[in-house]
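Please keep the sequence and the model in view while reading.

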Amino acid sequence: MTRAEKAERIARILDDFYPRTPIPLQHRDPFTLLVAVVLSAQCTDARVNQVTPQLFAAASTPEAMAQLGVARIRRLIRTCGLAPSKARALAGLSRALLEEHGGRVPADFEALEALPGVGHKTASVVMVQAFGQPAFPVDTHIHRLAGRWGLSRARNVTETERDLKRVFAPEHWGKVHLQLIYFGREHCPARGHDHARCPICSWAASRARIARERALIPRHRAPPDRSASARRGS
Ligand code: SF4
């Protein structure tokens, strides 16, 4: 099976599991989405969604966020990981938006990535979710899934993004990104589970990959190896 055929079959399975792909981070517009995505680094979406109502009540525009200042932003986001650096980033990017972009979030990769605290993945999320531009945000979870499913053999997220963009159509990148996130969260523990029971790994993961992952599991926690029989359809 080629990578493209695999991707097609995986896309059908993901469509069955997740026909709707709501954006997990609550937001009102491109600026509040940008803020939420910056906050989501090393923090769960659920936690970010607990923090943002109060933050946006105090400041939901670049002007208000810049006026709020680092110390108050930090207090409002203190339950998110890395609060000090995120507070500095939010104040800094708000100032940059005011000074360089007329107080608007630019729909442009280069301009977004030049903002404090905004890397390529954050810019990709904003481009696809706020502006509907083709972008495929890839984090370490998606990188790992792409490797398990044989869609990429890349060693880093940059190359995985390139490989995934080759096998999925641009108009589906944003949807597939969200479906992969949902699937990973709901189905994929970090390690120590049975690949033969999985609707995707059971046929998409190579034996070598499954064997490598099983080797990382402590013997007493490893599930019985049903991958061979699963492949035979028994
Ligand atoms: S086998 Fe595990 S890692 Fe692979 S897709 Fe299924 S649940 Fe995720």
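In helix 7, the residues Lys121, Thr122, Ala123, Ser124, Val125, Val126, Met127, Val128 and Gln129 are buried. A residue counts as buried if 20 or more other C-beta atoms lie within 10 Å of its own, with C-beta atoms placed from the backbone. Helices are DSSP runs of H or I with at least four residues, and strands are runs of E with at least two, numbered from the N terminus. The model is predicted: local features need pLDDT of at least 70, side-chain atom pairs count only at pLDDT 80 or more, and totals for chains, interfaces and linings use all residues. Residues are numbered from 1 along each chain as its sequence is written.

Because nine of the 10 residues of helix 7 (residues 120-129) are buried, this helix is largely enclosed by the rest of the structure. Its buried residues pack against helix 2 (30-39), helix 6 (109-113) and helix 10 (173-187).

The ligand is surrounded by eight residues, of which the closest are His187, Cys188, His195, Cys198 and Cys201; a residue is near a molecule if its C-beta atom, placed from the backbone, lies within 6 Å of it. This shell comprises four nonpolar residues, three polar and one charged, where Ala, Val, Leu, Ile, Met, Phe, Trp, Tyr, Cys and Pro count as nonpolar, Asp, Glu, Lys and Arg as charged, and the others, Gly among them, as polar.

The protein chain as a whole has 13 helices and zero strands. Of its 234 residues, 36% are buried. Its C-alpha trace spans about 65 × 40 × 30 Å along the principal axes.

Key
Buried ≥ 20, exposed ≤ 12 C-beta atoms within 10 Å, placed from the backbone. Contact = placed C-beta atoms within 7 Å.
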